[in-house]
Amino acid sequence: MNTFSSARLMAVIRKEMRDYRRKRSIVVTMLILPFMFLIEPVVAIFVVPASSGVSDPRNYVILPVLYLLLIPSIMPSTLAAFTVVGEREQGTLEPLLTTPISQQEFIAGKGAAVLIPTMALTYGVYGLFLLAVEVFAKSVVSSAIFGQGSLLVALILMAPLLASWSIAVGMAVSVRATEIRVAQQLGALASIPPVLLILILAVGVIHPTLAVALIFSIILLGVDVRAIRIVAKMMNRERLVTGSKPSR
Amino acid sequence: MVHGALQLVHTGIKGSERSTAPGGFLLTIERGTAVHPPSASSTFEAGVKGEPALVVRHLTKRFGDRTAYADVSFEVAHGEVFGFLGPNGAGKTTTVRTLGTLIAPSSGTAIVAGIPLSVENGVEIRQRIGIMPENPGLYDRLSVTENLEYFAALYGFRDAHVRINDALDAVNLADRAQDLCGGLSKGLRQRVGLARTLMSDPQIMFLDEPTSGLDPVAALEVHTLINSLRAKGVTIFLTTHRLDEAEKLCDRVAILNTKLRTVGRPADLRAQLFHNTLRVRTRTPLANPGAFFATLASINEWHSNEPGTYELEVADVQSAAPDIVRGLVGEGADVISVGESAHSLEDVYLALIDDDGNGTAS
Ligand SMILES: Nc1ncnc2c1ncn2[C@@H]1O[C@H](COP(=O)(O)OP(=O)(O)OP(=O)(O)O)[C@@H](O)[C@H]1O
Ligand SMILES: [Mg+2]
C-alpha cells in the first residue's frame, strides 16, 4: 500500500530548490521572463494613456492587465519540461526511483517545486505592477483597474490554475521526451491555450464579469485536475526509467 | 616426512584474498595430508536456512520484440553473495531493474526480501533493498553530502548524519564530503553511489558493476567492503564482468546469456565442466613417468608438456593428491610442487558463452 509521505514530498521540493539555485541559466530565465511580460502592460498603462485620449478606460485596461497572466502560463513550462528528462539524462532518475518514493510523491514534489517559485515570482510581479499603478498611473486608469473586481479576481485566481496547466503539460512532455531541448520546445506549446483564452477575454468576445472570471476558473480547475491525473498515469516507473511505454 | 620442498600452489585463482572466499577452492597439502577446504556447500544452498532472500521463477522481460532475458529462475539465500555474470546485453541490468521494482516483468514471478514482486508492493520492497545502478547518477550541482542527505530524507532516516558519515567513511570519501559531485572523477562518483546504497542499510544489496572504472586499490576496497557486508549478513547480488572478482567474492554465481546458462558455486561449476587436474613438478624429470603413473590407480590420464612438469587427470583431487605425493616420494623423486591446476571461472564462463555461438547476446 502506498502511504503518501509529506516528508518525502518536502525532501523532493527542498532538493529541487537547491538544484535550481545553483543552475544560473534557470535563475536568470526565471528572473528575466516575468519582466519581459511586464513591458507591454507598462507601456499600455503608463505611457500610452498619457499621450492619446482613451475613450473607455475600463475596457482599455483589460488587455494589458490580462496580459500579465502570460507570466504564470509561460514561465513554468521550461522548468517543468526539464523535470523528468533532465534527471533521466543525468542518470539520476534511476537511483531516485530505487528509493521508497512513490509516483505520487515524485509528481507532487516535482510539480510543487516548479509551482512554488512560479507563483512567488508571479504574485511578486503583480504586487509591484499594482503598486506602480496605484502610485504612478493616471487616476482614470488606476480607478479603472482597481474598480474592476472581476479583472483582479481573474488575475489572482487564474494565475495558479494556468501555471498548473503549463506544469502538467510540461511534465507530460518531459516523461515522454528523450532529449531536454525537444522537451523544452514542446513544453512551450502548453502556453498556446492560455494565450488564446487570454485573447478571447481581452478582445471582448466575452466580457470579463466576475461570473465569467469564476466560471473560467472552475473550468480551468477541472482541466488541471484531468491533466494532472493523466500525467500521474503516465508516471509509470518503467516509463520513467526507459522513456518508453512498458510493453508486455 | 616428505623430503624436498612442498609448495602450496593454487594455479587457478589469482588474488591475495582468495583464502577468505568460501567459494574459492584452496588445496592445502601439509606433511602429506590433505586438508579439505571449508565446506560452504550446504550453508549457502538456497532455501536451506529459512526463506530465501530472493526467489525468481520463470521471469521474462521483453521490450517490444527484443527479449532482454527469458525464463530465468534461481534462488538466493540470506547472507549469500550471489554473482550475476554474462556478456554485454545479456540482461543483467534489466534483471536488477526488474527485481528492484523499476520495471515490470513480462511474465514470471519473484519474491524479493520476502515480498512478492508487484507494483503495489513496490514501496515496501524498496524499503528493504538497495540498488547501486550501473551509472551512479549523482546530482552534479549538489555536494556529496547533499546528495546523500536527499536520499536519507527519501528513506525517512532520523539519524541521517550518522549514517552519511558512516557510509562516507566506509568508502573512504569523508574528506571529499563537501565537494560538488560534478567535479568528482568516475571512480569517486562510483564510490558516492556505493555510499548512497550502504547508507540505507538494506537487507539485499544489488550492485551493478560496482568496480567498473575503479583503480585496483579502490576495487580491492570495494571487495573488502563486500566481505564486511557479508559478515554482517547482508545478501549481495553482484553483477560484474570481472570473473576474478566473482570467483573471489561470490558464494555462487549465475551465468546469464538472455537465458540462464548455469547457477552454482564456482568450484562446482569448474568441476562440472572440467576434469580435475593436478600439476606436479619435480626437480629432475622422472626416469619413466609412463610406467610410474600407471602404477597409481587414482590417475586417469597424464601428459607432460615440459620435462619435470606433469599434468595428472584425477577423479578427486582431495584423495588423489596425497597418494600421488606418497608415490612420488617413494620413487625417490624430489617434489618441488603439487597443485591443483584448476580451471578458472573464466574458463567456465567462456565455455558456456561460446556454446551460445558468440560473445554477445542478441
Ligand atoms: N529500455 C529498453 N528498451 C529496449 N530494449 C532494452 C531496454 N533496456 C535494455 N534493453 C535491451 O535488453 C537487453 C539486455 O540489456 P541489459 O542492459 O540488461 O544488459 P546487460 O547484461 O546489463 O549488459 P551490460 O553488460 O552491457 O551492462 C539488450 O539487448 C538491451 O538492448
Ligand atoms: Mg548492465
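A salt bridge is a side-chain nitrogen of Lys or Arg within 4 Å of a carboxyl oxygen of Asp or Glu. Side chains of opposite charge can pair when their charged atoms come close. The model on display is predicted, so local features need pLDDT of at least 70 and side-chain atom pairs count only at pLDDT 80 or more, while totals for chains, interfaces and linings use all residues. Residues are numbered from 1 along each chain as its sequence is written, chains are lettered from A and ligands numbered from 1 in the order in which they are written, and side-chain values use heavy atoms, with hydrogens and water left out.

**First stop: the interface**

Select chain A and chain B together. Between them, six salt bridges are counted. For one example, display Glu238(A) and Lys61(B), whose closest N and O atoms are 2.8 Å apart.

Which elements of chain B give two or more residues to the side that touches chain A? They are strand 4 (54–63), helix 2 (122–128) and helix 3 of chain B; helices (H or I, at least four residues) and strands (E, at least two) are DSSP runs, numbered from the N terminus. Helix 3 of chain B gives the most, with seven residues. By class, this side of chain B has 18 nonpolar, seven polar and ten charged residues. Here Ala, Val, Leu, Ile, Met, Phe, Trp, Tyr, Cys and Pro count as nonpolar, Asp, Glu, Lys and Arg as charged, and the others, Gly among them, as polar.

In terms of contact (heavy atoms within 4.5 Å), 35 residues of chain B meet 30 residues of chain A. The buried area, which is the accessible area (1.4 Å probe) that two parts lose on being put together, summed over both, is about 3,100 Å², with carbon and sulfur atoms giving 55%. Highlight Leu102(B), Arg141(B) and Leu154(B): they supply 24% of the area that chain B buries against chain A, more than any other three residues.

**Second stop: a pair within chain B**

Next, select Arg57(B) and Glu75(B), whose side chains meet in a salt bridge (2.5 Å, N to O). Arg57(B) lies in strand 4 and Glu75(B) in strand 5 (residues 66–76) of chain B, so the pair ties together parts that are 18 residues apart in sequence.

A cavity is a set of points, on a 1 Å grid over the protein atoms alone, where a 1.4 Å probe fits but cannot get out; lining residues have an atom within 4 Å of a point. Select its lining residues, including Lys15(A), Phe82(A), Tyr139(B) and Arg141(B). This lining has four nonpolar, two polar and six charged residues.

How values were computed. 1 Å grid on protein atoms, 1.4 Å probe; cavity = no way out; pocket = protein on both sides within 12 Å on 5 of 7 lines; lining within 4 Å.
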